[in-house]
Amino acid sequence: MELLIVTGMSGAGKSQAANALEDMGYYCVDNIPPAIIPSFVNLSEISGEKLSKLAIVTDARGGNMFSEINDVLKDLKKRNLNYKVLFLDSSNDVIIRRYKENRRKHPLADSDDSILTAVEKEREMLNKIRLISDYIVDTIKNNILNDYKNGVSNATVSISCNDYFDENGEKAI
């Protein structure tokens, strides 16, 4: 099974990326708390129709539950489940502009918080997962879904591939 964990900043285009991944043959599930990921992977493996490509979107919308992501990834690794982590990011200015355009409340914004305060909280919350992500896509210049729908094949996307290893040569999580 090809397992892709999609995460990143709210407003960076994760849900749009999930739509594009579905069009590419992935079975996508959005807004899953990390603790449910192993059970969902198990169901996918034992289903009569085994899913060969699975994308799971998990992020700060889960609030404090998202703090379990590193333990979940360690568990998947112990079970020898191969996965990749895709982190979608954008600048604070672009994320704020997107929230203002959509007139939606940021998932970490309290009633007194500005969008910028919520974005800064989220950036701090996601720092560890960003550091261990296999792919980091900066969507500052791209609207992934619009480019995909419009057949843009030469869109510029910046992808950073990172591997961090511990003292034993194991990929750090």
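## Where helix 4 meets helix 5

Let's start with a pair of helices: helix 4 and helix 5 make a right-handed crossing. On the helix 4 side, the residues that touch are Asn 92, Ile 95, Ile 96, Tyr 99 and Lys 100, and helix 5 answers with Ile 115, Leu 116, Val 119, Glu 120 and Arg 123. Sorted by class, that contact has six nonpolar, one polar and three charged residues.

How do the two helices lie relative to each other? Their axes come within 10 Å and cross at roughly 125 degrees. Helix 4 and helix 5 are therefore oblique to each other.

## The whole chain

Time to step back. This is a predicted model, and its chain holds six helices and six strands. Going along the sequence, these follow the pattern β-α-β-α-β-α-β-α-α-β-α-β.

The chain has 173 residues, and 41% of them are buried. If you take the contacts between residues at least 6 apart in sequence, 76% of them join residues at least 24 apart.

## Helix 3 alongside helix 5

Helix 5 (residues 115-132) also pairs up with helix 3 (residues 69-78): their axes come within 10 Å and cross at roughly 25 degrees. An angle under 35 degrees counts as roughly parallel, so helix 3 and helix 5 are roughly parallel to each other.

Here Ile 69, Asn 70 and Leu 73 of helix 3 meet Lys 128, Ile 129 and Ile 132 of helix 5. By class, four residues in this contact are nonpolar, one is polar and one is charged.

## The nonpolar core

Which residues have the most contacts inside the largest nonpolar core? They are Ile 37, Ile 56, Leu 73 and Ile 129, in a core of 41 residues. Strand 4 (residues 83-89) supplies the largest share of this core, with five residues. As a general point, nonpolar side chains in soluble globular proteins tend to be buried together.

Zoom in on Ile 37 and, leaving aside neighbours within four places in sequence, you'll find Ile 37 in contact with Ile 5, Ile 32, Ile 56, Thr 58, Ile 69, Val 72 and Leu 76.

## A lysine to look at

Is Lys 14 buried or exposed? Lys 14 sits in helix 1 (residues 14-23). Its relative accessibility is 6%, so Lys 14 counts as buried.

And what is Lys 14 in contact with, once neighbours within four places in sequence are left aside? The list runs Val 6, Thr 7, Gly 8, Met 9, Val 57, Asp 59 and Leu 88.

Terms used:
Residues are numbered from 1 along each chain as its sequence is written. This is a predicted model: local features need pLDDT of at least 70, side-chain atom pairs count only at pLDDT 80 or more; totals for chains, interfaces and linings use all residues. Side-chain values use heavy atoms; hydrogens and water are left out. A nonpolar core is a set of buried Ala, Val, Leu, Ile, Met, Phe, Trp, Tyr and Cys residues joined through side-chain atoms within 4.5 Å. Buried means under 20% relative accessible area, exposed over 50%, partly exposed in between (1.4 Å probe, protein chains only). Helices (H or I, at least four residues) and strands (E, at least two) are DSSP runs, numbered from the N terminus. Contact means heavy atoms within 4.5 Å. Axes are lines fitted to C-alpha atoms, for helices over the stretch in contact, and angles run from 0 to 180 degrees between N-to-C directions. Angles under 35 degrees count as roughly parallel, over 145 as roughly antiparallel, 65 to 115 as roughly perpendicular and the rest as oblique. Ala, Val, Leu, Ile, Met, Phe, Trp, Tyr, Cys and Pro count as nonpolar, Asp, Glu, Lys and Arg as charged, and the others, Gly among them, as polar. A crossing is left-handed if the near helix is turned anticlockwise from the far one by less than a right angle, and right-handed if clockwise.
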